[in-house]
Amino acid sequence: MSEIRFSSNYQDLSQSSGVDAGFQFEFYCERCNDRWRTHYKPYRSGQASGWIQKGASIFGGLLGNASTVVSGMAQAGWHGARDDAFKEAIADAKAHFNRCGNCHDYVCEPCFDTANGLCFNCAPNVQVAITKARAQGEVRSAADRAGTEGESRGTRHDVKQDMQLVCPQCRAETHGAKFCPECGYKMAQQVACTACSTLLQPGTKFCTECGHRQA
């Protein structure tokens, strides 16, 4: 039953053959995803097979038959040895993880409310919730005030006058500046007629709409 319970939140890092053959398992908290890894436990039969295979390659296959025999023995004993190692890993993992009484997830100590037997997803920490709510309220209030301030500043911008946003000489972006920030070219800013406010090109002597002479 222990293996079934932990089947969804662990990774098997074990190797069945080679000089690094051994057992190791990594469990993780199902709330914060922090990892806990068991100590590496060597699988001697698999390691012996790995060393013999290395020797066979060095000596031109003279140890080939022995390598095959040892490898077969290692593979035959692997599953039983792995199960035993996993059971030991489960026992060790129980000291690092707690099972939530509501959602049944396995979580680490920092994510578990020991008094209630629940993880902090099912029973959030009150002080954390208060601090979070206060911070969210502060952000909302500041955003509302910033929006009001932005609307106030927006009324001070000239939104009627057309502006050249790209320099006709070097094609650089001007962002409405009077002179190009790249080449210094003077932008053609339109001006309003002093009588009817029609927008006119700079240097226009008479308004094209009402004929009023411009100063």
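This briefing covers aromatic pairs and salt bridges in the structure above. The model is predicted: local features need pLDDT of at least 70, side-chain atom pairs count only at pLDDT 80 or more, and totals for chains, interfaces and linings use all residues. Residues are numbered from 1 along each chain as its sequence is written, and side-chain values use heavy atoms, with hydrogens and water left out.

**Aromatic rings**

- The structure contains 9 aromatic pairs (ring centres of Phe, Tyr or Trp, the last by its six-membered ring, within 6.5 Å; planes under 30 degrees apart are stacked, over 60 edge-to-face, the rest tilted).
- Y10 and F86 form a tilted pair, because their ring centres lie 4.8 Å apart with the planes at 35°.
- This pair joins Y10 in strand β1 (residues 10-12) to F86 in helix α3 (residues 64-93), 76 residues apart; helices (H or I, at least four residues) and strands (E, at least two) are DSSP runs numbered from the N terminus.
- Y10 is partly exposed at 23% relative accessible area, whereas F86 is buried at 2% (buried is under 20%, exposed over 50%, partly exposed in between, with a 1.4 Å probe and protein chains only).
- Ring pairs connect Y10, F25, F27, W36, F86 and F97 in a cluster.

**Salt bridges**

- There are 6 salt bridges in the whole structure (a side-chain nitrogen of Lys or Arg within 4 Å of a carboxyl oxygen of Asp or Glu).
- D12 and R82 form a salt bridge at 3.0 Å, N to O.
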